[in-house]
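Good morning, and thank you for coming. Please have the sequence and the model in view as we begin.

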Amino acid sequence: MTHAVKFHPGLMLLEQYVEGSLSADVALAVSAHIDLCPHCQHLSKDITNDQAAELTEQQVSSRDAEQEWQSMLDFITSQPALSPSRAGLASTSPQVSSVTVNGRTFEIPRALARLAEKQNKWLQLGGIATAKLPTADKQHVSLLYIDKGTEVPNHTHLGLEMTLVLAGKIVDENGEYGVGDLLINSPDDTHTPRTLADEDCLCLSVLSAPLKFNKGLTRLLNPLQQFFY
Amino acid sequence: MLETTVLSGHHDALSKQKRNSQLMTISTDNELRTGQWEDALTLVAINQDKAAYAELFKYFAPRLRAFGIKMFGNEQQAMEMVQDAMLNVWRKARLFDASRGCASTWIFTIARNVRFDMLRKKQSRKDDISADDLWFDGDYPEQESNSSDNWDTMLMSEKLAPHFDALPPAQRMVMQKVYLEEKSHQEVSDELAIPLGTVKSRIRLALDRLRGALDDTRS
């Protein structure tokens with residue numbers, strides 16, 4: 001991965017991610033970003049160490065609920081340990097998996113591997129295709145494929161939109177985004193993302209509310225906003 | 001749910017050491033130095049040592065309970081989390097790898113993951129995002145450089161002084177000892193009775209905060 005990631009989640013978002021207090025789909029976008037971003041891999045490891053140290057620094061009274069602790073301890077140590085064969089099955093390196101759309105195959109980050117196996121089928125509209133990932137949240141998580149030389153009509157976000165570039169490149173009024181870049185748009189942000197003429201793009205999209213299309217005939221898309229959501 | 005780790009081999013440990021000797025200008029402390037909890041986990045891993053486990057349990061269970069009460073807001077779920085997490089510590093001790101972090105970090109992430117999956121399960125969801133999706137339990141490939149290592153030279157510049165004061169107290173304490181009192185990471189670790197890895201983490205987090213503060217003043 002030679003591309004240098006430029007757009008990162010903020011420190012507070014990373015802290016909440018490590019703590020486990022983000023909503024699952026936002027955490028998924030952060031996690032997939034970390035898979036692609038060495039800088040945030042270091043940061044989240046450091047934050048984890050720091051939070052773990054806070055755990056040990058907590059004041060506790062040692063003579064609290066002693067009987068309950070003893071029976072829990074007895075129960076646990078009566079359980080068998082994990083067998084070495086089961087422990088040996090997993091791998092410490094991130095697993096590579098891929099998705100295929102428009103005749104193209106893309107590698108996707110570890111965080112998305114299991115969910116992508118269960119993705120819904122691709123829905124296509126012009127140069128754009130989406131496939132929902134089965135997550136049971138209020139937010140909507142999907143893979144978004146944009147063919148080369150395609151513009152997503154200018155839209156406003158009715159809620160929070162997180163877009164993580166998984167492959168290729170995308171451009172909007174504010175800049176250019178490559179693999180690993182995480183764009184976070186709040187409600188009222190308006191933009192017109194597009195791909196370049198020679199490169200298509202695969203993204204992870206997390207939306208907390210439907211998009212609203214603003215201009216001319218594309219307003220006709222608004223009844224179709226379920227497509228993007 | 002938490003079974004995505006195996007002990008990483010000597011190769012990993014060696015490459016990590018090599019990287020450190022090349023890049024860590026701040027310190028060359030040995031990352032593999034272990035403490036009592038790391039040793040206790042190893043005893044549990046090797047021969048299911050109940051005495052060693054009881055020591056771990058006595059220390060960590062009440063702390064996890066306090067953590068759980070803070071997160072769940074009630075005693076019952078907190079205790080459920082403690083039992084699940086500490087059971088995982090017992091059963092999966094051989095998955096612990098001291099070269100990748102200290103025991104308290106390993107136990108913290110187990111509890112965090114147990115808690116996350118408890119919350120998801122309570123809402124009875126199938127096919128859902130799980131802790132295993134969100135938190136990778138393994139090593140990412142080594143990278144060429146870690147830019148925060150270059151920041152120690154910048155640190156003393158006057159520009160940084162006001163931001164230095166704004167650091168969280170725990171980070172400021174470590175930074176002060178390392179950069180103003182010129183103590184080694186190990187000395188700071190001993191003095192504050194916190195793991196060496198935590199000293200390093202706090203330094204890197206503080207450096208990152210300071211860099212962020214500088215970026216803000218520039219733009």
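Let me start with confidence, since this is a predicted model. Over residues 1-33 of chain B the pLDDT stays under 50, and the model has 60 contacts beyond four places in sequence for that stretch. For chain B as a whole, the mean pLDDT is 76, and 72% of its residues reach 70 or more. Element by element, confidence in chain B is lowest in helix H1, residues 10-23, where the mean is 40, and highest in H4(B), at 95. For the complex, the predictor gives an ipTM of 0.84 and a pTM of 0.73.

I turn now to the make-up of chain B. How many helices and strands are there in chain B? There are ten helices and zero strands, so a reading from the N terminus gives α-α-α-α-α-α-α-α-α-α. Of the 219 residues in chain B, 40% are buried. Taking the contacts in chain B between residues at least 6 apart in sequence, 65% join residues at least 24 apart.

Next, the interface between the two chains. Here 54 residues of chain B are in contact with 50 residues of chain A. On the side of chain B that touches chain A, at least two residues come from each of helix H3 (50-72), helix H4 (75-91), helix H5 (103-122), helix H6 (131-134) and helix H10 (196-218). Which helix supplies the largest share of that side? The answer is H3(B), with nine residues. Sorted by class, the side of chain B that touches chain A has 21 nonpolar, 16 polar and 17 charged residues.

Tyr53(B) is found in helix H3 of chain B. Why does Tyr53(B) count as buried? The reason is that Tyr53(B) has 21 C-beta neighbours inside 10 Å, and 20 or more are required. Apart from neighbours within four places in sequence, Tyr53(B) is in contact with Thr77(A), Val44(B) and Trp90(B). From Tyr53(B) to Arg63(B) there are ten residues in sequence and 15 Å in space, C-alpha to C-alpha.

Let us move to chain A and its sheet. Six strands of chain A form an open sheet in the order E3-E4-E5-E12-E7-E10, with antiparallel pairing. Strand E3 (123-125) and strand E10 (182-185) of chain A stand at the edges; each has a single partner strand, so one side of each is left without a neighbour in the sheet. From one strand to the next, the twist averages 25 degrees.

Is E12(A) mostly covered or mostly open, and how many of its residues are buried? E12(A) is mostly covered, with seven of its seven residues buried. Cys201(A), Cys203(A), Ser205(A) and Leu207(A) point one way from E12(A), whereas Leu202(A), Leu204(A) and Val206(A) point the other way. Strand E5 of chain A, residues 140-146, runs antiparallel to E12(A) and is joined to E12(A) by seven bridges. Among the residues of these two strands, Leu143(A) has Leu204(A) as its bridge partner in E12(A). Strand E7 of chain A, residues 161-168, is likewise joined to E12(A) by seven bridges and runs antiparallel to E12(A). Here the bridge partner of Ala167(A) in E12(A) is Leu202(A).

I will finish with two helices of chain A. Helix H2 of chain A, residues 24-36, has 13 residues and should span 18 Å at 1.5 Å a residue; its end C-alpha atoms are 18 Å apart, which agrees. H2(A) is mostly covered, as 13 of its 13 residues are buried. In helix H3 of chain A, residues 38-56, we find Pro38(A). Pro38(A) counts as buried because it has 20 C-beta neighbours inside 10 Å. Between Pro38(A) and Arg194(A) lie 27 Å in space, C-alpha to C-alpha, and the two are 156 residues apart in sequence.

How values were computed:
Residues are numbered from 1 along each chain as its sequence is written. Chains are lettered from A and ligands numbered from 1 in the order in which they are written. This is a predicted model: local features need pLDDT of at least 70, side-chain atom pairs count only at pLDDT 80 or more; totals for chains, interfaces and linings use all residues. A residue is buried if 20 or more other C-beta atoms lie within 10 Å of its own, exposed if 12 or fewer, and partly exposed in between; C-beta atoms are placed from the backbone. Helices (H or I, at least four residues) and strands (E, at least two) are DSSP runs, numbered from the N terminus. Two strands pair if DSSP finds at least two bridges between them. Two residues are in contact if their C-beta atoms, placed from the backbone, lie within 7 Å. Axes are lines fitted to C-alpha atoms, for helices over the stretch in contact, and angles run from 0 to 180 degrees between N-to-C directions. Ala, Val, Leu, Ile, Met, Phe, Trp, Tyr, Cys and Pro count as nonpolar, Asp, Glu, Lys and Arg as charged, and the others, Gly among them, as polar. pLDDT is the predictor's confidence in each residue, from 0 to 100. The expected span of a helix is 1.5 Å times one less than its number of residues.
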